[in-house]
Amino acid sequence: MEFTLLYAAVTGFAFAWVGTEISRRLGRIPSEVEKPFDVLLAGGVTGLFVGRLAAMVMDGVNPITNPADILLVRGGVDTGFASLAALATVAWTARPSSLQVADALAPAALAGLAGWQAGCLWRGACLGTASDVPWAWAQTGSDVTRHPTEIYAAVGFLAAAVVVYRLGLRRPGLAAGTAIAAAATVRLVTEPLRPSLAGGPVGWYVAGIALGVAVAAFGPRLARIGDRPAAG
């Protein structure tokens with residue numbers, strides 16, 4: 001039995017909570033959002049669950065007949081399906097002000113992703129391709145030093161969180177769209193440093209960048225659509 005995947009998830013949620021608290025105390029979260037972390041928590045838990053199920057199915061493991069594998073196997077989480085599920089959950093939970101809430105929580109969400117990546121330390125899964133850079137390190141029992149790829153990603157997400165926070169709430173969709181595009185870019189840039197026979201889910205990352213740019217560009221129009229009263 002091993003719970004390191006859960007430890008990594010807890011680390012991610014802890015980072016997200018800290019980011020939420022910083023934004024709340026500095027007045028960046030609208031007062032009508034009474035429990036902002038609950039919104040992120042719902043998105044994160046749903047995304048983690050859906051992404052884990054997707055990874056199991058794609059690996060040929062039946063989650064119905066192997067339910068314990070959802071929590072105990074270090075098989076990972078499918079990034080694309082997890083992201084879609086998390087975004088959809090946040091949008092549904094925060095309706096009808098989904099875009100405004102997403103803008104306010106964008107830095108905390110990026111911080112949460114940084115925590116999830118840093119959780120590789122619990123799982124012993126931080127290293128990528130072989131490298132001789134001074135900060136590379138080797139797995140226990142190996143003489144081959146490697147890039148700490150997941151730590152690179154964690155630093156990238158934290159840097160993106162700072163940038164998005166500094167953007168503030170200038171106009172609807174700017175912070176949320178920038179966060180989506182930045183998260184996809186961080187994963188895309190670090191993907192070549194991950195050992196992979198298939199090259200990784202590059203298509204998901206490109207789609208994420210396109211979605212983020214679209215949200216940032218058309219945010220005001222999306223906000224107006226969301227503010228329209230229901231028919232009838």
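This is a predicted model: local features need pLDDT of at least 70, side-chain atom pairs count only at pLDDT 80 or more; totals for chains, interfaces and linings use all residues.
A search of the whole structure returned one cavity of 30 Å³ or more. The volume of this largest cavity is about 50 Å³. Its lining consists of Arg28, Asp103, Ala104, Pro107, Val164, Tyr165, Gly168, Leu169 and Ala175. Two elements, helix H5 (98–118) and helix H7 (149–167), each give two or more residues to this lining. The largest share, three residues, comes from H5. By class, six of the lining residues are nonpolar, one is polar and two are charged.

The second largest pocket holds about 200 Å³ of space. H1 contributes the most, at five residues. Among the residues lining the pocket are Phe15, Val18, Ile22, Ala111, Leu158 and Ala161. The pocket lining has ten nonpolar and two polar residues, and no charged ones. Pro107 and Tyr165 belong to the lining of the largest cavity and also to that of the second largest pocket.

Helix H4 comprises 15 residues, 79–93. At 1.5 Å a residue, H4 should span 21 Å, and this agrees with the model because the C-alpha atoms at its ends are 21 Å apart. At the N-terminal end, H4 is capped by Asp78, with a side-chain oxygen 3.4 Å from the backbone nitrogen of Gly80. Gly80 is also one of the buried residues of H4, together with Ala82, Ala85, Thr89 and Val90. In general, an α-helix has 3.6 residues a turn, so residues three or four places apart point the same way.

Key
Residues are numbered from 1 along each chain as its sequence is written. Side-chain values use heavy atoms; hydrogens and water are left out. On a 1 Å grid over the protein atoms alone, a cavity is a set of points where a 1.4 Å probe fits but cannot get out, and a pocket is an open set with protein on both sides within 12 Å along at least five of seven lines; lining residues have an atom within 4 Å of a point. Grid points are joined across faces, edges and corners, and a volume is the space filled by probe spheres set on the points. Helices (H or I, at least four residues) and strands (E, at least two) are DSSP runs, numbered from the N terminus. Ala, Val, Leu, Ile, Met, Phe, Trp, Tyr, Cys and Pro count as nonpolar, Asp, Glu, Lys and Arg as charged, and the others, Gly among them, as polar. The expected span of a helix is 1.5 Å times one less than its number of residues. Buried means under 20% relative accessible area, exposed over 50%, partly exposed in between (1.4 Å probe, protein chains only). A polar contact is a pair of N or O atoms within 3.5 Å; within protein, one must be able to donate a hydrogen and the other to accept it, and residues adjacent in sequence count only if both atoms are side-chain atoms.
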